[in-house]
Amino acid sequence: MKFQELLGKRILFLDGGMGTLLQERGLMPGELPETWNLTKPEAVKEIHKAYLEAGADIILANTFGANGLKFADKVGEIVAAGVQNAKAAVAECGKEALVALDMGPTGKLLKPMGTLDFEDAVTLYKEVAAAGEKAGADLIVIETMSDTYELKAAVLAAKEATNLPVIATVIFGENEKMLTGATPEAVVALLEGLRVDAIGMNCGLGPEQMKPIFAKMAACASVPLVISPNAGLPRTENGRTVFDVTPEAFAEDMAELVGMGAWIAGGCCGTTPAHIKALVDKCRDIEPQALTEKELTVVSSYSHAVVLGEKPVIIGERINPTGKSKFKQALREHNIQYILEEGSRQVDAGAHILDVNVGLPEIDEPTMMKEVVYELQSILDTPLQIDTTNMAAMEQAMRIYNGKPMVNSVNGKKEVMQEVFPLVKKYGGAVVALCLDENGIPDTVEGRLAIAESIYKTAAEYGISRKDIVVDALTMTMSTDDYAAQVTLDAVKAITSQGGRTVLGVSNISFGLPQRELINAAFYTLALQAGLSAGIINPNAKAMMQAYDAYLVLGGYDTQCMQYVEKYAVAQATAPAAASITPTRLSLKECIIKGFKEQTAKVSKEMLSEKTPLELINEELVPALDVVGQGFEKGTLFLPQLLMSAEAAKAGFEVLKEFMQQSGQEESKKMTVVLATVKGDIHDIGKNIVKVLLENYAYDVIDLGKDVPPETIVDEVIKTKAPLAGLSALMTTTVASMEETIRLLHEKAPCCKVVVGGAVLTKEYSDSIGADYYAKDAMQTVHFAEEVYKSFIN
Amino acid sequence: MIDRQEVIRYLGYKGHIPTQDVLDLIEVCIKEVEAAAEPKHVVRRFPARVTDSSVAAGGLSLHSRQLARNLKDCKEVIFFAATLGIGVDRLLHKYLKLQVSKAVVVQAVAAAAMETYCNQCQLEIEKACAKEGLFVRPRYSPGYGDLSLKVQNEFLQVLQAQKTVGIVLTEGDIMLPEKSVTAIMGLSSVKTGCHREGCEICSNTGCAYRRAK
């Protein structure tokens, strides 16, 4: 009997709660339940048997919390024993049932919010999955997950380490979200993309509370669904957790959930063999609902899903070096912040998805793409479109992406499809399909449709359905062909009428023409009218957003024109007011002291006609910084203002830097300073404050981030010959690793001075751990850096 | 309701009044923190055995004279864990990357919001316990005084805090999400003095964030 053969033939039943039953048999609080696989196998088997007797078709081995973090090198043994106990119970009962390897959360939070690296999580799960398969598990159940990123790591591990079928279920709260923010639609997109065999929800809620959330999953999922509720919501009574839903009431609600489309049903916390028996008795004869293909084209982030083919979607095009010298420079200088700001601005302007292209011949594109995707998804909840022709970059980005990405792109060329489709099959994704092939770009509608058709067909051979193909009918420039727009628009119309999804890079239409936005906006409107699902545009371009907003009104997507009125009526009302409060012109120095960022940039630009960058730095910027720095130290001005001024100064420096580069001058930096928050510590706000200030004073700051091992810091100091390293630690528990870092630095890089700071530190404390200097605030770090610099240049 | 005065105190103003720009920024950050926060808490109530130097409850044995003194005459305790959720960490992380001045204010706002939330939770617990004629002692957290931070792991396991509210520990026993609190509250039929003590009782009188008066 195999899982896939049974699936859908009849309702399949999982077992119920394990933890409480183990506690009844003497498991102590704090004792790891999985140790009983070895120490008390009979007690574990007894529970399995009770569920088998109750009618469970699939029992979960007692391996939920088994991983290398908790059991180190014993994990294989614990897992094997868990699976073997379950198999022995099946054999002893004489029933036909399947044994699932159970995989729960690691117990750690993944980076960047936590400390566990994504690939390390994959490795931990692989170890468990491989041991489970080897011990004879029939399938893998990944359950009780509350973070999509960890969920993705577990699924990839299960698929890469074994050939077993995979079920995955997550916890939703009553707010209908996972703890890390994902909606049911986002979870379905992710898991369907990863080709999980059956998906659903467990734990957290009782069957009654699960209904509205389960309905949302059922509305968008095209794969079999699983449900395992708790026996209601927990409460405590005399120190014990109790659940109130009786077996009969549980079965009653479950019958409804099965009727809503669940193919696999079981129980979680608080459910007992009696609950499972009642469930089996009640639902055994219900026919599984037929699966329906939902035909939704969806991409997702860690938090939400974006559907293509309903309301038109905006894909922001600005993260792309093509034709942008500043962007290219940012890539060469590894200036990730510049790219993040570009992303953030587009989201603020209204982008629903961000295209990410970081291709530049002289950089390592896979590494850069991976880093940019990782950083973008840590600050923005917008789904990303991975845009590259470098297959290594595409795969690495798709792998670490926390959701189902949009992929840009595939085309009708056989070798390209052979490279891209396996990645889409493995990691999931909606893929942009360009209507070109070995013979170039057809100039007829029919020609482009034929290529789209051949791409659909090839995708199907890989198990990728039409809904995950978004056709790009290709925008050609008007300046070379009077009918370019018409062909593209007709192709969009034709694909839309066949139920397909479309995307266009809009701005190419006006290449070589003056006042390009005029043409772009008009073409965009026509494309939207032709049915365009998603336009790749610049959301910061006013004309484009106006075209979009107006189309939403005219196309009936903006109910009672509410969004339009809100945006444009308010804009009109406040525009003159904003103009009237523009202050009289301040000097550059005053702008910085007041912390006016935009104005600082503006005035810097203006003053460059009167003075050289060096004069402005010496006469305006540095004196302004000194004024706020002194105010901060005297206690007349406080941290938020100090930082607002620092950020304003930075905006000024950026202007000067650009000017100097254009006139071929080198920007001069004083010396390198390496900053890090030490190993074990994840609070890096203080370190980031120091960074901003040191940069203002022309130091070349290398920020290694948080939770940084001593060796990494030492290596970087040696590599860059930095005369100064700054370390921060917030907790008493992490000062030990600060001490270790200082010791290692003094040993391996004796020329490097070490300055330390952090909430728990004092002068005495920092002396005792061997630091060269203790900075009680960010300004003191600057003073110390100036001291080190003086001796460095002498 | 987030206490503006507390936010300003956390920003290190020591009784000074921020400029209008900063006050405006505080309001913006309050809105963003409120939108990002998903406050959650979990409580479990256990019978407790309190000696001079230890407390046994919920299957844990906690060695701490100060906690034992705090729980004198208590027959029961409440184990409590609360968090603002990972959304606030994300917000903080975002501004640490994009605009540190805002990160600093978000951090202060979140600290004040956490305090407010814990106080609200405590009030609810006090109300519920009052019906049974019980008084609730001040919150006492792992890591305070002579109660080792090492108990944090078992304490969170007893509350199943990862599953219920999403709190996990780093290897260094730091809680994530960052704005999370664990505490023990004693229940007793004996009313003690002022039950809400704040940072005023701390011996570090030179602290930049000390509450005025």
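Me: How many residue pairs are in polar contact across the interface of chain B and chain A, and what makes a pair a polar contact?
Reply: Nine residue pairs qualify, both residues at pLDDT 80 or more. A polar contact is a pair of N or O atoms within 3.5 Å; within protein, one must be able to donate a hydrogen and the other to accept it, and residues adjacent in sequence count only if both atoms are side-chain atoms. This is a predicted model, in which local features need pLDDT of at least 70, side-chain atom pairs count only at pLDDT 80 or more, and totals for chains, interfaces and linings use all residues. Residues are numbered from 1 along each chain as its sequence is written, chains are lettered from A and ligands numbered from 1 in the order in which they are written, and side-chain values use heavy atoms, without hydrogens and water.

Me: Why is the pair A:Glu375 and B:Lys97 called a salt bridge?
Reply: The closest N and O atoms of A:Glu375 and B:Lys97 are 2.9 Å apart. The rule asks for a side-chain nitrogen of Lys or Arg within 4 Å of a carboxyl oxygen of Asp or Glu, so the pair counts as a salt bridge. Between chain B and chain A the count is two salt bridges.

Me: What makes residues of chain B and chain A count as in contact?
Reply: Contact means heavy atoms within 4.5 Å. By that rule, 48 residues of chain B are in contact with 55 residues of chain A.

Me: What is the area buried between chain B and chain A?
Reply: About 4400 Å², with carbon and sulfur atoms giving 63%. Buried area is the accessible area (1.4 Å probe) that two parts lose on being put together, summed over both. In chain B, the residues losing the most area to chain A are B:Arg90, B:Leu98 and B:Lys163, together 15% of what that side buries.
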